[in-house]
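Colleague: Hi! I have a new model open and would like to talk it through with you. Could you walk me around?

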Amino acid sequence: MHRMFDRTASLLFIAVGAAFILGARNLSSTAYGSRVGPDIFPMGLGALLILLSLRLFFETFRHPGKEEAGDKGSLDWRRFGGMLAAALLYALLLETLGYVLSTFLFLLAGFQLIERGRWVRSALVAAVFSGGVYFLYAVVMKGTLPGWPVWFAG
């Protein structure tokens, strides 16, 4: 743990979370055909980011261990590049493939970049998460998401 970096990053993320909440207040509260407005998601993300950043900030005071000046760690550029490419493809293909399929493929690729193998477990977790979030948001909360691609759903 690099205490000074973590403290600085947590303060920066608190500011970003506050900006999300303030920006969400400028969005309309309802959307056509949806009970869940466009302000809910950024406001929730901002609040979650602030809470997690506060936790990180206060955890830096609990661990008074020494910081090694020479140990900066090595960055795994291959995994980072793979996740960046997967995130870009996810954003580009979201409308074309729909939320469920594109999220499933993004999560599956991310799980395999983090830990190779265990395809069945990765596919199961990705399917449950993408299907579960779609069900909760689109069916239970009556929000709108691009569910399935036109060529698949008919």
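Modeller: Happy to! One term before we start: a residue counts as exposed over 50% relative accessible area, as buried under 20%, and as partly exposed in between. Please also keep in mind that this is a predicted model.

Colleague: Fine. Where does that term come in, say for Arg55: buried or exposed?

Modeller: Arg55 has 55% relative accessibility, so it counts as exposed.

Colleague: And which residue does Arg55 form a salt bridge with?

Modeller: With Glu59, and the closest N and O atoms of that pair are 2.9 Å apart. Both residues sit in helix α2, four residues apart, about one turn of the helix.

Colleague: What about Glu59, buried or exposed?

Modeller: Glu59 is buried, because its relative accessible area is 18% and the cut-off for buried is under 20%.

Colleague: Nice. How many salt bridges does the structure hold?

Modeller: Three. Besides the Glu59 and Arg55 pair, there is a salt bridge between Arg118 and Glu115, with the closest N and O atoms 3.7 Å apart. Arg121 also meets Glu115 in a salt bridge, at 3.4 Å from N to O. Through these shared partners, Glu115, Arg118 and Arg121 are joined into one network.

Colleague: How accessible are Glu115 and Arg121?

Modeller: Glu115 counts as partly exposed at 35% relative accessibility, and Arg121 counts as partly exposed at 46%.

Colleague: Where does Arg118 lie?

Modeller: Arg118 is in the loop between α4 and α5, with α5 covering 119–140. It has a positive phi of about 50°, although it is not a glycine.

Colleague: Why point that out?

Modeller: Because most residues other than glycine have a negative phi.

Colleague: Okay, let's zoom out. What is the secondary structure of the protein?

Modeller: Six helices and zero strands. Reading from the N terminus, the order is α-α-α-α-α-α.

Colleague: And how much of the protein is buried?

Modeller: Of its 154 residues, 23% count as buried. The accessible surface is about 11200 Å², and 71% of that belongs to carbon and sulfur atoms.

Colleague: Which residues make the nonpolar surface patch?

Modeller: Leu12, Phe13, Val16, Phe20, Phe41, Leu45, Leu48 and Leu52 make a patch of about 750 Å². Helices α1 (3–25) and α2 (40–62) each supply at least two of its residues.

Colleague: Take Leu12 from that list. Where is its place, and is it buried or exposed?

Modeller: Leu12 is in helix α1. With a relative accessible area of 53%, it is exposed.

Colleague: Switching topic: how do α3 and α4 cross?

Modeller: Helix α3 runs over residues 77–97 and helix α4 over residues 99–114; their axes come within 8 Å and cross at roughly 170°. That makes α3 roughly antiparallel to α4, because angles over 145 degrees count that way.

Colleague: Which residues make the contact?

Modeller: From α3, the contact includes Met83, Ala86, Ala87, Tyr90, Leu93 and Leu94. From α4, Leu101, Leu105, Phe106, Gly110, Leu113 and Ile114 are among them.

Colleague: I also clicked on Leu84. How far apart are Leu84 and Gly110?

Modeller: They are 26 residues apart in sequence and 9.8 Å apart in space, C-alpha to C-alpha. Leu84 is in helix α3, and at 45% relative accessibility it counts as partly exposed.

Colleague: Last one: what does Leu145 touch?

Modeller: Leaving out residues up to four places away in sequence, Leu145 touches Tyr99, Tyr134 and Tyr137. Leu145 is in the loop between α5 and α6 (150–153), and it counts as partly exposed at 28% relative accessibility. Its C-alpha atom is separated by 9.7 Å from that of Leu94, 51 residues apart along the chain.

Colleague: Great, thanks for the tour!

Methods. Residues numbered from 1 in each chain as written. Predicted model: local features only at pLDDT ≥ 70, side-chain atom pairs only at ≥ 80, totals over all residues. Heavy atoms only, no water. Patch = residues over 30% accessible without salt bridge, like charges linked within 9 Å, V, L, I, M, F, W, Y side chains within 5 Å. Areas by Shrake-Rupley, 256 points an atom, 1.4 Å probe, with all protein chains shown as cover. Salt bridge = Lys/Arg side-chain N within 4 Å of Asp/Glu carboxyl O. Buried < 20%, exposed > 50% of the residue type's maximum accessible area, 1.4 Å probe, protein only. Axes fitted to C-alpha atoms, helices over the stretch in contact; angles between N-to-C directions. Parallel < 35°, antiparallel > 145°, perpendicular 65-115°, else oblique. Contact = heavy atoms within 4.5 Å.
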